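Here are a few exercises to work through with the model open in your viewer. Try each one before you read its solution.

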Amino acid sequence: MSIQKKRPVVIGITGGSGSGKTTVARKIFDQLSNFSITIIQQDSYYNDQTNMSMADRKSVNYDHPMAFDFNLLIDQIKHLLNYEAIEKPVYDYSQFTRSKQTIRQEPRDVIILEGILILDDERLRDLMDIKVFVDTDDDIRLIRRIERDTKDRGRSLDNIIHQYLKTVKPMYHQFVEPTKRYADLIVPEGGENQVAIDLLTTKMRSILMQRGNKEIKNNFDSTI
Ligand SMILES: Nc1ncnc2c1ncn2[C@@H]1O[C@H](COP(=O)(O)OP(=O)(O)O)[C@@H](O)[C@H]1O
Ligand SMILES: O=c1ccn([C@@H]2O[C@H](COP(=O)(O)O)[C@@H](O)[C@H]2O)c(=O)[nH]1
């Protein structure tokens, strides 16, 4: 086995809102916690809308590729690939814009990149070693979104249903679902699919070994 130049492993995890991306990302994080590892969420890279009125912010289509600052995300992933720290933006769902605060992210050997449209941009796809699509039926995703957004994102039921029918569902079928063709692995059942999680972590360990990335002990860095 030839030893390659040390370089972080990037795994991209996509799928519709509520499909289980974050759950899969956390399970991989836990199984590889002996490596230096972090999770980057595409949601952190929603456009900075500070200069827009609240009414305008609320009417944005948050499921369209134009809602994201892909340039910043790609630039920051490239820095992490060069083992350089970044100042990661923070998205504030209650204000529908980027917060003033940033979070310093030190470089890591494993980068788990998770989000609804990470496979939509070829430049971003080219930075990934493994691409995964979490595949979950629309009705299940909607139910999960209602539960999450009422509890965690301060949204009303009316608002969630209106947004789902107006943008979330049509954008999923127009932009998110078609990126399935770029995935190396399609995972049904998300975080409950232990076979898929084991396959992914085994492959990632093998790439990490090939690149000379060593296991470390006591990695307490939990990012989300
Ligand atoms: N396989 C599963 N079975 C049941 N609930 C799940 C499953 N996967 C995820 N969930 C739950 O569904 C919700 C959305 O999952 P999450 O991983 O946050 O999705 P996403 O990041 O794709 O929006 C969470 O409350 C999570 O606990
Ligand atoms: O201000 C906002 C920003 C985003 N959203 C919704 O978030 C999801 C993506 O996040 P997941 O964690 O993958 O669910 C996307 O469908 C946007 O509609 C929002 O509602 N408000």
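The exercises below use a predicted model, and they go from the sheet to the ligand.

**Exercise 1.** Work out the strand order of the open sheet, and find which strands stand at its edges.

*Solution.* Start with the order: five strands form the open sheet, running S2-S5-S1-S6-S7, and the pairing is parallel. Next, look at the ends. Strand S2 (37-41) and strand S7 (185-188) each have a single partner strand, so one side of each is left without a neighbour in the sheet. Finally, check the twist, which averages 20° from one strand to the next.

**Exercise 2.** Take a look at how S6 and S7 pair: over how many bridges, and in what sense?

*Solution.* Strand S6 covers residues 130-135, and its pairing with S7 is parallel, over four bridges. Then pick out one spot: Pro 188 in S7 has Asp 135 standing opposite.

**Exercise 3.** Find the strands that helix H7 lies across.

*Solution.* Helix H7 takes up residues 194-210. Follow it over the sheet and you'll pass strand S1 (9-15), strand S5 (110-114), S6 and S7. Now for the angle: H7 runs at about 155° to S1.

**Exercise 4.** Describe the shell around ligand 1: how many residues surround the ligand, and which are the closest?

*Solution.* Count first: 14 residues surround ligand 1, and the closest are Gly 20, Lys 21, Thr 22, Thr 23 and Glu 192. Then ask where they come from. Helix H1 (21-31) and helix H5 (138-151) are the elements giving two or more residues, and H1 has the largest share, with three. Last, sort by class: nine are polar, five are charged and none is nonpolar.

Conventions:
Residues are numbered from 1 along each chain as its sequence is written. Chains are lettered from A and ligands numbered from 1 in the order in which they are written. This is a predicted model: local features need pLDDT of at least 70, side-chain atom pairs count only at pLDDT 80 or more; totals for chains, interfaces and linings use all residues. A residue is near a molecule or strand if its C-beta atom, placed from the backbone, lies within 6 Å of it. Ala, Val, Leu, Ile, Met, Phe, Trp, Tyr, Cys and Pro count as nonpolar, Asp, Glu, Lys and Arg as charged, and the others, Gly among them, as polar. Two strands pair if DSSP finds at least two bridges between them. Axes are lines fitted to C-alpha atoms, for helices over the stretch in contact, and angles run from 0 to 180 degrees between N-to-C directions. Two residues are in contact if their C-beta atoms, placed from the backbone, lie within 7 Å.
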